[in-house]
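I set down here what I looked up, entry by entry.

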Amino acid sequence: MQSLLGKVAVVTGGARGIGRGIALCLAQEGANIVVNDLRAVDSRGVVLEIEQMAQLALAFEADVSDRGQVTALYEAALSHFGRLDIIVANAAISIREPVLDANWQNVLRTLEVSQFGVFHTCQLGAQQLVKQGKGGKILIVSSILAEIPMPTSAAYNMAKAAISHLGRTMAAELACHRINVNIIAPGHIDTPGERQFASEEQLQQASQNIPWGRLGTAHAIGRAVAYLASEDADYITGTTLVVDGGYRMGMRLPSD
Ligand code: NAD
């Protein structure tokens, strides 16, 4: 049986990568999806894939760093589907540069999208869930870099630490409304975004540092989110689910 039959989910940054994986997994479980991204045209492929699963989907263009646009995103979700059940704050960017040389505009833009954008998505979505009075699920896509200080990634690492703590704080405040707020911490996942920073050879090399022996998939993150969005996870709130193939254990595979 599909665990999310008839639920309505909003997924930010859903046009590609992990967001796409999440949107498809939620749809597979029977949810109807609002696929948000910077350009609606980029979300059309995902919308088509969801429609092929016989679920409904809407592409909605919004920059999550703009509160007005996030408000419009929820207005569109409500006028199209009439309700909201699941919010996935996934959209983020990373501009990699060492702290000593970091350009302030780049730092600010990373925080605007990856931290404040998640705040807007979660706060404005939670207000609607409270108004509906029937609980709901909020999932925040953070990263293992919320805890691991990967060099050249200070602004992103700061944003991820902040949104993980936002999630725990919201979980404490919203438990009385029966709204679960949980955090997903992906490890190294093979996505278009990640391929901007690394060649095929570098990704193969990176796999050697992961106990599971390969990078993760967007589907694996999608399945984790689908579980946390389901009734099976009703008593889970304020926690972080790490999906990293053992990356944080810091092991290397034995060489052949
Ligand atoms: P990606 O770059 O492949 O996809 C991100 C999507 O978000 C893109 O479609 C992009 O257009 C969209 N987006 C960017 N800025 C936006 C904005 N302001 N408003 C709306 N949409 C916006 O990235 P990904 O690797 O799939 O990452 C998705 C999430 O997973 C991010 O939160 C990222 O930090 C997190 N994450 C990724 C990895 C990894 O290894 N790929 C690891 C840990 C965490």
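Leaving aside neighbours within four places in sequence, with which residues is V243 in contact? I found I184, A185, P186, G187, I189, A220, I221 and A224, where contact means heavy atoms within 4.5 Å.

Basis of the entries. I worked on a predicted model, in which local features need pLDDT of at least 70 and side-chain atom pairs count only at pLDDT 80 or more, while totals for chains, interfaces and linings use all residues. Residues are numbered from 1 along each chain as its sequence is written, and side-chain values use heavy atoms, with hydrogens and water left out.

Entry on V243. I placed V243 in strand β7, residues 240–243. Strands (E, at least two residues) and helices (H or I, at least four) are DSSP runs, numbered from the N terminus. I also looked up V243 against V41: the two are 202 residues apart in sequence and 30 Å apart in space, C-alpha to C-alpha.

Entry on α1 and α8. I noted that helix α1 (residues 17–28) packs against helix α8 (residues 218–228) at an angle of about 50°, with the axes 7 Å apart. That angle makes α1 oblique to α8; angles under 35 degrees count as roughly parallel, over 145 as roughly antiparallel, 65 to 115 as roughly perpendicular and the rest as oblique. Axes are lines fitted to C-alpha atoms, for helices over the stretch in contact, and angles run from 0 to 180 degrees between N-to-C directions. I recorded the crossing of α1 and α8 as right-handed, meaning that the near helix is turned clockwise from the far one by less than a right angle. From α1, the residues G17, I18, G21, I22, C25, L26 and Q28 meet A218, H219, I221, G222, R223, V225 and A226 of α8. By class, I listed eight nonpolar, five polar and one charged residues in this contact. Here Ala, Val, Leu, Ile, Met, Phe, Trp, Tyr, Cys and Pro count as nonpolar, Asp, Glu, Lys and Arg as charged, and the others, Gly among them, as polar.

Entry on α1 and α2. I found α1 packed with helix α2 (residues 40–52) at about 20°, their axes 10 Å apart. The pair is therefore roughly parallel. R20, A23, L24 and A27 of α1 meet V46, E49 and I50 of α2. The contact of α1 with α2 holds five nonpolar, no polar and two charged residues.

Entry on α4 and α5. I read an angle of about 15° and an axis separation of 8 Å for helix α4 (residues 104–132) and helix α5 (residues 154–174). The two are therefore roughly parallel to each other. Their crossing is right-handed. Among the contact residues I noted V107, L111 and F119 of α4 and Y156, I163 and L174 of α5. The residues of this contact divide into 16 nonpolar, four polar and no charged.

Entry on the ligand. I counted 28 residues surrounding the ligand, the closest being R16, D37, N90, Y156 and T191; a residue is near if one of its heavy atoms lies within 4 Å. A polar side-chain atom of Y156 lies 2.4 Å from an oxygen atom of the ligand, and one of D37 lies 2.5 Å from an oxygen atom of the ligand. For D63, I noted a polar side-chain atom 2.9 Å from a nitrogen atom of the ligand.

How values were computed: A polar contact is a pair of N or O atoms within 3.5 Å; within protein, one must be able to donate a hydrogen and the other to accept it, and residues adjacent in sequence count only if both atoms are side-chain atoms.
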